[in-house]
Amino acid sequence: MCSPLSKQHQEKFEDMLSQQADALCKQAQALHISSQALAANGDIKQPNSIDHWIDFLYQCNDDASFQIRRKLEGIAAAQQQIELGLYGICSDCESPITLERLLQEPSQQRCGICEAKFNQLSASSKRVWL
Ligand SMILES: [Zn+2]
């Protein structure tokens with residue numbers, strides 16, 4: 001199994017992903033610029049490192065941090081898939097994800113069918129837990 005996308009498309013998505021990552025790192029930085037934890041870590045040396053921010057946001061309990069972390073994790077996973085030549089393949093059923101879906105959300109991990117199933121599943125598991 002290898003990526004169904006052309007080299008040009010992969011490069012385009014790589015660009016989109018790193019732009020999204022930059023924007024999210026800036027958001028995270030703005031959110032935590034005055035945070036004690038960040039000041040104490042003294043780690044602002046790597047303000048553009050996705051891994052750094054994922055680690056940092058893990059320690060934060062607010063909703064905004066959680067949302068940013070989720071998105072960064074998606075981007076990190078997609079970047080890894082590009083590296084492995086597996087980008088654009090559904091993580092559940094291994095069918096190619098359509099170009100339209102990827103253009104909408106380049107860190108997309110699932111095809112339309114599996115995404116719908118996944119949402120249904122998480123909606124019903126939420127019902128169970130609530
Ligand atoms: Zn699928």
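Where is the place of Lys12? Lys12 sits in helix α1. The model is a predicted one: local features need pLDDT of at least 70, side-chain atom pairs count only at pLDDT 80 or more, and totals for chains, interfaces and linings use all residues. Residue numbers start from 1 along each chain, as its sequence is written.

**Overall make-up**

- The protein chain has 6 helices and 0 strands. Helices (H or I, at least four residues) and strands (E, at least two) are DSSP runs, numbered from the N terminus.
- Read from the N terminus, the order of elements is α-α-α-α-α-α.
- The chain has 130 residues, and 19% of them count as buried. Buried means that 20 or more other C-beta atoms lie within 10 Å of the residue's own; exposed means 12 or fewer, and partly exposed is in between, with C-beta atoms placed from the backbone.
- Take the contacts between residues at least 6 apart in sequence: 54% of them join residues at least 24 apart. Two residues are in contact if their C-beta atoms, placed from the backbone, lie within 7 Å.

**Helix α1**

- Helix α1 covers residues 7-32, which is 26 residues. At 1.5 Å a residue it should span 38 Å, and its end C-alpha atoms are 37 Å apart, which agrees. The expected span is 1.5 Å times one less than the number of residues.
- Phe13, Leu17, Ala21, Leu24, Ala28 and His32 are buried in α1.
- An α-helix has 3.6 residues a turn, so residues three or four places apart point the same way.
- Lys12 is partly exposed, because 15 other C-beta atoms lie within 10 Å.
- Lys12 and Pro106 are 94 residues apart along the chain, yet their C-alpha atoms are separated by 9.6 Å.

**Helices α3 and α4**

- The axes of α3 (residues 50-58) and α4 come within 9 Å and cross at roughly 145 degrees. Axes are lines fitted to C-alpha atoms, for helices over the stretch in contact, and angles run from 0 to 180 degrees between N-to-C directions.
- On the α3 side, Ile50, Trp53, Ile54, Leu57 and Tyr58 take part. They meet Ser65, Ile68, Arg69, Leu72, Glu73, Ile75 and Ala76 in α4.
- By class, this contact has 9 nonpolar, 1 polar and 2 charged residues. Ala, Val, Leu, Ile, Met, Phe, Trp, Tyr, Cys and Pro count as nonpolar; Asp, Glu, Lys and Arg count as charged; the others, Gly among them, are polar.

**Trp53**

- Trp53 lies in α3. Trp53 is buried, because 25 other C-beta atoms lie within 10 Å.
- Beyond its neighbours within four places in sequence, Trp53 is in contact with Cys25, Ala28 and Leu72.
- Gln29 is 24 residues from Trp53 in sequence and 8.6 Å from it in space, C-alpha to C-alpha.

- UniProt (unreviewed entry) places the feature "zinc finger region: dksA C4-type" at residues 90-114. UniProt positions follow the numbering used here, feature names are shortened, and annotations may be inferred rather than shown by experiment.
- Over residues 90-114 the chain is 36% helix and 0% strand. The end C-alpha atoms are 8 Å apart.
- Glu94 lies in the loop between α4 (63-84) and α5 (99-104).
- Glu94 has a positive phi of about 65 degrees, although it is not a glycine.
- Glu94 is exposed, because 11 other C-beta atoms lie within 10 Å.
- Glu94 and Cys2 are 92 residues apart in sequence and 9.8 Å apart in space, C-alpha to C-alpha.
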